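Dear colleague,

I am passing on the structure below, together with notes on what was found in it. Please read the notes alongside the coordinates.

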Amino acid sequence: MSEFVKHEPCPACGSKDNMARWSDGHTFCFGCVYRQSANDDEGYIMEQQSTVQVKGFNSAIPERNISKNIASKYGVRVTHGEDGKINKHYYPYNDAKTGDLLGFKERDVKSKGFVLNGTNRGAGLFGQQVFASGGKYLTITEGELDALSVAEMFEGKWAVVSLKNGASGASRDIKDNLDFIESFDNVVLCFDNDDAGKEGADKLAQRLLIENPDRKVSILEWDPDYKEKYDVTDYFLGAHSIAEFLSLLQKSRSIDPPASARPYKTMSIVDFYKKDYIVPPAIVEELVPRYSMVIVAGPTGVGKTALATQLAKTMH
């Protein structure tokens, strides 16, 4: 029987000790119900209930400078505590194929913890239902608030989505929604300024380029002076303008596809002979070109050794 070992930080909701690890290797977060089985490299947020309970109402999120227009565009809802302040955010997740509402990720403002109402399995990326497939630019962030912050700076004009479970779930999120992502000409990854964010962005960029080497993928890089875990929400709250953010995006690091993404192409013998090649000078006219390997072959007793010896003496 598996036994409890320790509490750990949760890679999905960011809580410091909500995730428990058992002796067989599986984990479970009591905050956001994130689970990782013993034999699975990637975790997922479990379904919590079969029906979606819609809570709160559409509203601006003043403490995050998110306007009602952008919050409503993404279907984000909020509730208020007894003090009249917003105490919870509700981020909707919709079916990637039908657009039907599947669930809400509920974020507690004070603890920053998450609970899933309904499910996000089979859902698209956060915000995916807002934008039609196809376009010039798609920006992908690590979290929902980051996506809303970028959308504010873009004034809602360009496609911005976020991963469902942060950098740790990027591979699965991209695999499940690759057709949507592939429909855009340029993909910009805007992840957090920490090791997980940097590593996740690099891995995700390589994955996208393996799928399509001609895709243009870039990674937004933060100033080295910015603090650990600095993200685009911090940048937005710092009162940076859309012009400043666009300038930052233009400086994004362009990622080259890995060598495995562009395998060698087979050349026909006809194409081979049509190509122009530089002929190296001969050491022995019509027999031994410079910078080459020559193989002397033939039946027994025809003089291969004698020829090879003579050639060796000639070139000595």
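Phe272 is found in helix H8, residues 269-274, where helices (H or I, at least four residues) and strands (E, at least two) are DSSP runs, numbered from the N terminus. With a relative accessible area of 38%, Phe272 is partly exposed; buried here means under 20% relative accessible area, exposed over 50%, and partly exposed in between, with a 1.4 Å probe and protein chains only. Phe272 also belongs to a nonpolar surface patch of about 670 Å², to which Met267, Ile269, Val270, Tyr273 and Tyr277 contribute as well. Patches are made of residues with over 30% relative accessible area and no salt bridge, like charges being joined within 9 Å and nonpolar side chains (Val, Leu, Ile, Met, Phe, Trp, Tyr) within 5 Å.

Please bear in mind that this is a predicted model, in which local features need pLDDT of at least 70 and side-chain atom pairs count only at pLDDT 80 or more, while totals for chains, interfaces and linings use all residues. Residues are numbered from 1 along each chain as its sequence is written, and side-chain values use heavy atoms, with hydrogens and water left out.

For the protein as a whole, there are nine helices and 17 strands, and buried residues make up 42% of the 316 residues. The protein exposes about 18300 Å², of which carbon and sulfur atoms supply 51%; accessible areas come from the Shrake-Rupley method with a 1.4 Å probe, and for residues only the protein chains shown count as cover. Of the contacts (heavy atoms within 4.5 Å) with a separation of 6 or more, 53% are between residues 24 or more positions apart.

Turning to the sheet, five strands form an open arrangement in the order E12-E11-E13-E14-E15, with mixed pairing, two strands being paired if DSSP finds at least two bridges between them. Strand E12 (159-162) and E15 stand at the edges with a single partner strand each, so one side of each is left without a neighbour in the sheet. Strand E13 (residues 184-190) pairs with E14 in the parallel sense over four bridges, and Val188 stands opposite Ser218 in E14. Helix H2 (residues 144-153) packs on the sheet, touching strand E11 (135-141) and E12, and its direction makes about 165° with that of E12. Helix H5 lies across E13, E14 and E15, running at about 175° to E14; axes are lines fitted to C-alpha atoms, for helices over the stretch in contact, and angles run from 0 to 180 degrees between N-to-C directions.

As for charged pairs, a salt bridge is a side-chain nitrogen of Lys or Arg within 4 Å of a carboxyl oxygen of Asp or Glu, and by this rule the count comes to twelve. One of them joins Glu106 to Lys88, with the closest N and O atoms 3.0 Å apart. This pair links distant parts of the chain, Glu106 being in strand E9 (residues 101-108) and Lys88 in strand E8 (residues 86-94), 18 residues apart. Glu106 counts as buried at 10% relative accessibility, whereas Lys88, at 25%, counts as partly exposed.

Another salt bridge is formed by Glu221 and Arg253, whose closest N and O atoms are 2.5 Å apart. Glu221 lies in the loop between E14 and helix H6 (232-237) and Arg253 in strand E15 (residues 253-254), so the pair ties together parts that are 32 residues apart in sequence.
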